[in-house]
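These are my notebook entries on a structure that I looked up. Each entry records one thing that I checked.

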Amino acid sequence: MNIVIAGAAETDEVGRLPYHSTMGLHLEAARNALADAGMTKDDIDGLATVGTPGPVQIAHALGVTPAWLDGTGVGGSSFLFHVRHAAAAIRAGLCRTVLITHGESGRSRVGAARFGMGADSLLGQFELPYGVAGPPTLFTLTALRYMKETGLPHEQLAEVAVAQRRWAHLNPRAMYQELITVEDVLASRLVAYPFHLLECCLVTDGGGALIVTSEDRARRDPVHLLGSGEAADSPIISQMEDFTTSKAFRLSGESAFAEAKISHEDVDHLMVYDAFAHVPIYGLEDLGFVGRGEAGAFIAEGHTSPGGRLPLNTNGGGLSYTHTGMYGMFAIQEAVRQLRGEAAAQVPGVEVSVVLGNGGMFATAATLVLSNRLP
Amino acid sequence: MKPVPKPTPETQPFWDGTAAGELRIQRCRACARHYFYPRPGCPHCGSADVEWVRASGRATLYSYVINHRPAPGFEDDGPYAIAVVELAEGVRMMTNIVGVEVVPENLPLDLSLRVVFERRGDVHVPLFEPTEAAGPRDRPERPAEATGRSNPGPTG
């Protein structure tokens, strides 16, 4: 059975939305995705979401009575997991059409969950006592070891932000669109050495939703799910197996490429969740697009920028487009737009797009291989 | 007030150790490997035949950040180093680097460290300091290659 994304949409706006609640963002995205799919809520019999307020409340608020629910919450990669799980559920006959929603008042914190973990949790005992202050001090911890082992110069770390701003420059919805230089990045204030402000993602409000179903139920040009993979590493960054490579990136990527029966040469477009500037570097290497220690130069040479041979994070990414907290939904949305030929910074002739999402820093990852045609 | 960890039954022996001035970690009797964080079975071979042992307290600097936006309780510290260190026994743990001015020049990766303990409420937290207390002036010369690329100087 061929599984497709039959509807995809974001909230009307992303960015600073202080008059939208978390719940409101979920529901607006859901309505937009249903309209995009040419469906109504009565077509939906499966629901997946993560975070606040959860799948039961979203289903109930929409007036959907789901036969299948998935609340898998493994961070910003959760939506990629949901797509993969929905495909399995539909193939198993558990449900027919799944709505996946994301809404997060990440910046304005309206109706949002509280941050924080108990002092008796793994994080509370073995990381919080050392003054960690969220992802800027956790996700970033691996970078100096990577730089030492591979010789990545700091200027090439900064090039990641520069390259992505070139895409954001072409996207009127991006929060930051003005072109920047390596010097601008290195002159921005230090957040957590070696990371400067412009090497850290945005914090925004927004949402997105997807409709996953079998090909025969799609009512518009479908985006095919050719393959997927999911994997986990350590729940806390200090216990990550190797700070210079992500096991979860590698394993989820291998699984997705194998199921899709594609090679790297087949990939026209790539999305790698970019919470911080080093993450696309790990993504390019761990997915096998370049060799170890080569990603920094690859990006600096312009291969991922507009006109390059491997367009990467073409919406501007979490660094320049938007980052609500769980960005994975927006990476999928951009891949769908590119495959439909509807992107703001459209790459000509995209037929195969790969999306890599990480969650809970490097704790989890999932990879999707999407295409606008069957092989 | 800096965050105070709250022990659980699985982690209590670790925190009992720090209170006694010892860094205690677990070792598997079946495969002879050490592991951290505390848990009831060996993550390497799956054996439940595990014991608590006293670690040497010696470590090297694996990676770190210098945080410029302090967490609650750290406001008076100035920029501070959140680090992951690798113990001589092969396991890694998060900590802070103390006993040295926190600037990249003083913190080359693989720097030799030793454990010290800081009282925090009823709990003692393991921190690490350079084995040879060294300021920027009397720090032994290191070859440029060992520090140059891994620790580019402050650029912001």
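I began with A:Ile5, which stands opposite A:Val223 in E8(A). E1(A) and E8(A) are joined by two bridges and run antiparallel. I noted the rule that two strands pair if DSSP finds at least two bridges between them. Helices (H or I, at least four residues) and strands (E, at least two) are DSSP runs, numbered from the N terminus.

I recorded that this is a predicted model, in which local features need pLDDT of at least 70 and side-chain atom pairs count only at pLDDT 80 or more, while totals for chains, interfaces and linings use all residues. Residues are numbered from 1 along each chain as its sequence is written, and chains are lettered from A and ligands numbered from 1 in the order in which they are written.

**Entry: the sheet.** I then followed the open sheet of chain A, where nine strands lie in the order E3-E2-E4-E7-E1-E8-E11-E10-E9 with mixed pairing. Its edge strands are E3 (68–70) and E9 (269–272), each of which pairs on one side only. From one strand to the next, the twist averages 25°. For the angles, I noted that axes are lines fitted to C-alpha atoms, for helices over the stretch in contact, and that angles run from 0 to 180 degrees between N-to-C directions.

**Entry: a helix on the sheet.** I found that H9(A) lies across E8, E10 (352–359) and E11 (364–371) of chain A, and runs at about 150° to E8(A). Contact here requires that the C-beta atoms of two residues, placed from the backbone, lie within 7 Å.

**Entry: two helices.** How do H9(A) and H10(A) pack? Helix H9 (residues 247–260) and helix H10 (residues 278–286) of chain A pack at an angle of about 45°, with their axes 9 Å apart. H9(A) is therefore oblique to H10(A); angles under 35 degrees count as roughly parallel, over 145 as roughly antiparallel, 65 to 115 as roughly perpendicular and the rest as oblique. I listed A:Phe249, A:Arg250 and A:Gly253 of H9(A) and A:Tyr282, A:Gly283 and A:Asp286 of H10(A) as the residues that make the contact. By class, two are nonpolar, two polar and two charged. Ala, Val, Leu, Ile, Met, Phe, Trp, Tyr, Cys and Pro count as nonpolar, Asp, Glu, Lys and Arg as charged, and the others, Gly among them, as polar.

**Entry: domains of chain A.** I looked up the division of chain A into domain 1 (3–113 + 205–225) and domain 2 (133–201 + 228–371). The centres of the two domains, taken over C-alpha atoms, are separated by 23 Å. Domain 1 brings 29 residues to the contact and domain 2 brings 30 residues. On the side of domain 1 that touches domain 2, H3(A) supplies the largest share, seven residues. That side of domain 1 divides into 13 nonpolar, eleven polar and five charged residues.

Entry: One residue links E5(A) to E6(A) in a hairpin, and A:Leu190 stands opposite A:His196 in E6(A). I saw that E5(A) is also joined by two bridges to E4(B), the strands running antiparallel. Which residue of E4(B) is the bridge partner of A:Tyr193? The partner is B:Ile66.

**Entry: the chain contact.** Chain B gives 37 residues to the contact and chain A gives 38 residues. Within the side of chain B that touches chain A, E4(B) gives the most, with six residues. The residues of that side are 21 nonpolar, ten polar and six charged.

Conventions: Domain bounds come from an automatic or database domain assignment.
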